[in-house]
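Subject: Structure handover

Hello,

Here is the structure for you to look at. My notes on what was found follow below it.

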Amino acid sequence: MATVDKTLGKFQCVFNTEQELELGQYLKDMQKRLFDITMKEFRRLANQLAERNGCKHPFNNTGMAGEDWGLGSMARHPDLSMRKSEGTSGARAMGFNKVAVSQFFALLTNDIDENKLTGAQIYNCDETGMTVVPKQHSKIIATNGQRQVGVLTPAERGNTVTVEICCSVAGNFMPPMLIYPRKRKQQEFEVGLPSGGWAEVNDSGWMTADLFLKWLKKFIAFSTAKKERPVLLLPDGHASHTKSLDVIDLAHNNGVILLCFPPHCSHRLQPLDVAFMRPLSLYYEDEVRTQEK
């Protein structure tokens, strides 16, 4: 909640009243847009806000506000409370229900009607992991009655490359971004990519808040989003997509409306996840088999 001023012998608040209200309002807005934020994520956001505003704070070494600050902040916002989440399997079974889905479609309909959005202004983005050794296998011809049908696969496991895919309801696909598990980027990573596609690198090969911020800047240019002509972007609730003040501010300032799919429902509701990713994996596996011959 505060830092200790040893000279004066008293506590000094990290944020002023306006900044504290800004942080609380951010949580409420995200909850309304179906983004779930844990206490740790909230404490990271507090650190981002302190850094952005040049506030004197004790968060530097951890990258997030302390537990005491988090509890104190919740006490200063009586209209917010902590809710216990379920395990993933249980949440998936219970999350896909009429109430959650109806709430999502009510928000979706309201955004479309209020902003008079066309299919060319509604986008869905999602990422998938592609490996050198494909996980999916095409069906093969075999003798009737054979109980087990095998296929030879390379012994090595293969590295996973994350692919960020985005398209509009009108069928306009944004060039993909690939994320390689490497420390340094090489020109070979972009060989054969569709025009406009590009590669990024990090140690894990997964999406991060910094990389999603880079992607969002290119998405804004691609979609020609602006406040006078907003676009709706439907991501999942992954932390890299929303748990960053820079991402939220960039979207807001450039006319990008963010609406998350309900927690643990993207496997049923997200168009790219349901209708695009599996065919992509199968066609990718076919292409790998062709190149190996």
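Phe105 is partly exposed, with a relative accessible area of 40%. Phe104 counts as buried because its relative accessibility is 2%, and the cut-off for buried is under 20%. Please keep in mind that this is a predicted model.

Phe104 and Phe105 form an edge-to-face aromatic pair, with 5.1 Å from centre to centre and 75° between the planes. The count of aromatic pairs comes to eight. One aromatic cluster is formed by Tyr123, Phe212, Trp215, Phe219 and Phe222. At Trp198, the charged end of Lys218 sits over the ring, 4.2 Å from its centre.

On the sheet: six strands form an open sheet with mixed pairing, in the order E6-E5-E4-E3-E7-E8. Its edge strands are E6 (198-202) and E8 (256-258), each of which pairs on one side only. From one strand to the next, the twist averages 25°. Strand E7 (residues 231-234) runs parallel to E8 and is joined to E8 by three bridges. Leu233 stands opposite Leu258 in E8.

On the helices: H5 (residues 98-115) lies across E3 (122-131), E7 and E8, and runs at about 160° to E7. Helix H6 (residues 209-223) lies across E3, E4 (160-168), E5 (173-181), E6, E7 and E8, at about 165° to E5. In helix H8 (residues 245-253), the buried residues are Leu245, Val247, Ile248, Leu250 and Ala251.

Regards

Note on methods. Residues numbered from 1 in each chain as written. Predicted model: local features only at pLDDT ≥ 70, side-chain atom pairs only at ≥ 80, totals over all residues. Heavy atoms only, no water. Buried < 20%, exposed > 50% of the residue type's maximum accessible area, 1.4 Å probe, protein only. Helix = DSSP H or I, 4+ residues; strand = E, 2+ residues; numbered from the N terminus. Pairing = 2+ DSSP bridges. Axes fitted to C-alpha atoms, helices over the stretch in contact; angles between N-to-C directions. Contact = heavy atoms within 4.5 Å. Phe/Tyr/Trp six-rings, centres within 6.5 Å; stacked < 30°, edge-to-face > 60°. Lys NZ or Arg CZ within 6 Å of the ring centre and 35° of its normal.
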